[in-house]
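Please read these points with the sequence and the model open side by side.

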Amino acid sequence: MATAAQLQVKPGKLFIGGKWVDAASGKTFPTVNPATGETITVLAEGDERDASAAVEAAFTAFHSGPWPEMSASDRGRILWKIGDLVDKYNEELGTLETLDNGKPIFESRQVDMPMVAEVFRYYAGWATKIHGETVPVKGPFLNYTLREPLGVVAAIVPWNFPLLLASWKVAPALAAGNTVVLKPASWTPLTALRLAEICQEAGVPDGVVNVITGPGATLGKALVKHPKVAKVAITGETRTGQEILRDSAETLKRVTLELGGKSPNIVFADADLDAAVRGATIGIFYGKGEVCAAGSRLFVEKKIHDDFMHKLVDRAKKVQPGDPLDPKTRFGALVSERQMQTVLGYIEKGKAEGAKLVAGGERSSFGNGKGCFVQPTIFDGVRNDMTIAREEIFGPVLAAIEFGEMDEAIRLANETQYGLAAAVWTRDIGKAHRVARNLQAGTVWINTYNNYDTAAAFGGYKMSGYGRELGMHALEHYTQIKSVWVNLA
Ligand code: NAD
């Protein structure tokens, strides 16, 4: 197996001001391969002092030096280069992601990394298209707007799509002329550290991108409270988002929140059932179910319930855990022992509350026995008020719920604190759009699931957060408008 040394990760260092430095405390912590239980390498355990050093470096880079002077087209060129380098290092980055996260190498190399590259290239194109307007004001005046960057952006990312979700923040932030302190999740920091070097190789000036590792509760919190951080972009759990909002209130930071989900996937009797079975399987088992938009609540119309569930269970049984580094594997290891225990705990709760276990339900013995593998699991006969239908499990556990009428499906689907994504399967075009309009979710898929594109905005309704990532909408969250008045008299 590839070692961290072969993979060019600098063990135990932070990337601040263009240099690799030790954490102020000198402490380190291990990152573990969840498929084997082996330590991959050690990381620097940053604290408040390191957060401060990174913010100062980013602040200086924002206010002086080459970054504020650089033309938008030069910034765009650098972003494009980052995208190309991500492609060039696809194999290495994909391997790092898989070692750290447990996701199949197929996903890391053929889905995550190509999209990371595309995100940088997409926002490279935007760099020259961020501009103000002239406004037809009354009187002998010219009024125009300047769309300006905010300053230092703290990008705080989770462990499920480590580099991808970092790119969703870093790329638009840089395109708009901000500087960045990136804090990856402690379970999966390796690709973010490698991105720091890639940015440097692409020509990003020192201090513009800083990457620091350490606990969210101390290092992350220090970033959020730091007065020189202008904006926090966080993807994480809803309760983390709430804490970040409280902590950022004192300095009135701009905050965008991409939080949890419990997304409904509604299958009507008139749907293409084979396609819907495939969609339901991908909806919950892609990415081991550690996907914020996972279709974790499946609503099946009564008329087709038995037939549909039969097909779904058959298909789920074919999804088997495998070695994440094997290109044929489609279902990997959960990210950590702790996450696995959380998921297994929810499975026990589902059984205890009376849901009917129809597939999986246990830890898988695949591999050396130390891997965090859980079988693809399906509960039938679930009620919307059961814990497994209300709380985000963030694992390969599906809760199937029967419904009778369209209105009932919509009501049940919306009966959740979350509103990240939803899907509807039907051949009736009118019904599809009616349901889409009535679902309280930031993304609705019709006769498909888990589609993403750099140009399509993504984000939550309700307690799944606010603000949008991707597309042109993300740029609004990384810029502010200055109104300039000129006396023409
Ligand atoms: P998490 O909330 O535990 O951590 C996310 C990041 O925030 C980590 O880097 C963590 O260190 C940091 N953090 C934690 N507490 C902090 C604090 N007080 N101040 C500052 N930073 C802090 O989430 P996770 O377990 O890494 O990721 C899983 C969660 O992310 C799930 O809830 C999932 O739904 C959500 N998610 C949402 C989206 C989306 O786009 N909406 C996408 C992926 C994941």
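**Notes on the model**

1. By class, 12 nonpolar, 3 polar and 3 charged residues make up the lining of the second largest pocket. Here Ala, Val, Leu, Ile, Met, Phe, Trp, Tyr, Cys and Pro count as nonpolar, Asp, Glu, Lys and Arg as charged, and the others, Gly among them, as polar. This is a predicted model, in which local features need pLDDT of at least 70 and side-chain atom pairs count only at pLDDT 80 or more, while totals for chains, interfaces and linings use all residues. Residues are numbered from 1 along each chain as its sequence is written, and side-chain values use heavy atoms, with hydrogens and water left out.

2. The second largest pocket has a volume of about 350 Å³. A pocket is an open set of points on a 1 Å grid over the protein atoms alone, where a 1.4 Å probe fits and protein lies on both sides within 12 Å along at least five of seven lines; lining residues have an atom within 4 Å of a point. Grid points are joined across faces, edges and corners, and the volume is the space filled by probe spheres set on the points. Of the 18 residues that line this second largest pocket, Val-111, Met-115, Leu-164, Asn-450 and Tyr-452 are the closest to its centre. Two or more lining residues come from each of α5 (105-126) and α6 (162-175), and α5 gives the most, with 6 residues. Helices (H or I, at least four residues) and strands (E, at least two) are DSSP runs, numbered from the N terminus.

3. The largest pocket has a volume of about 1300 Å³. Its lining has 40 residues, and those closest to the centre are Trp-159, Gly-236, Glu-237, Thr-240 and Arg-338. At least two lining residues each come from α8 (216-225), β10 (229-235), α9 (238-249) and α12 (337-352). Which element gives the most to the lining of the largest pocket? That is α9, with 6 residues. By class, this lining of the largest pocket has 18 nonpolar, 12 polar and 10 charged residues.

4. An open sheet of 7 strands runs in the order β14-β15-β16-β13-β12-β17-β18, with mixed pairing. Two strands pair if DSSP finds at least two bridges between them. At the edges are β14 (356-359) and β18 (443-446), each pairing on one side only. Within the sheet, β13 (residues 297-301) and β16 (residues 397-403) pair in the parallel sense over 5 bridges; Leu-298 has Ala-400 in β16 as its bridge partner.

5. An open sheet of 3 strands has the order β5-β6-β20, with antiparallel pairing. Its edges are β5 (134-135) and β20 (479-487), each with a single partner strand, so one side of each is left without a neighbour in the sheet. Strand β6 (residues 141-149) pairs with β20 in the antiparallel sense over 9 bridges, and the bridge partner of Asn-143 in β20 is Trp-485.

6. The count of aromatic pairs comes to 12. Rings of Phe, Tyr and Trp (its six-membered ring) pair if their centres lie within 6.5 Å; planes under 30 degrees apart count as stacked, over 60 as edge-to-face and the rest as tilted. Phe-268 and Phe-403 form an edge-to-face pair, 5.3 Å centre to centre, with 80 degrees between the planes.
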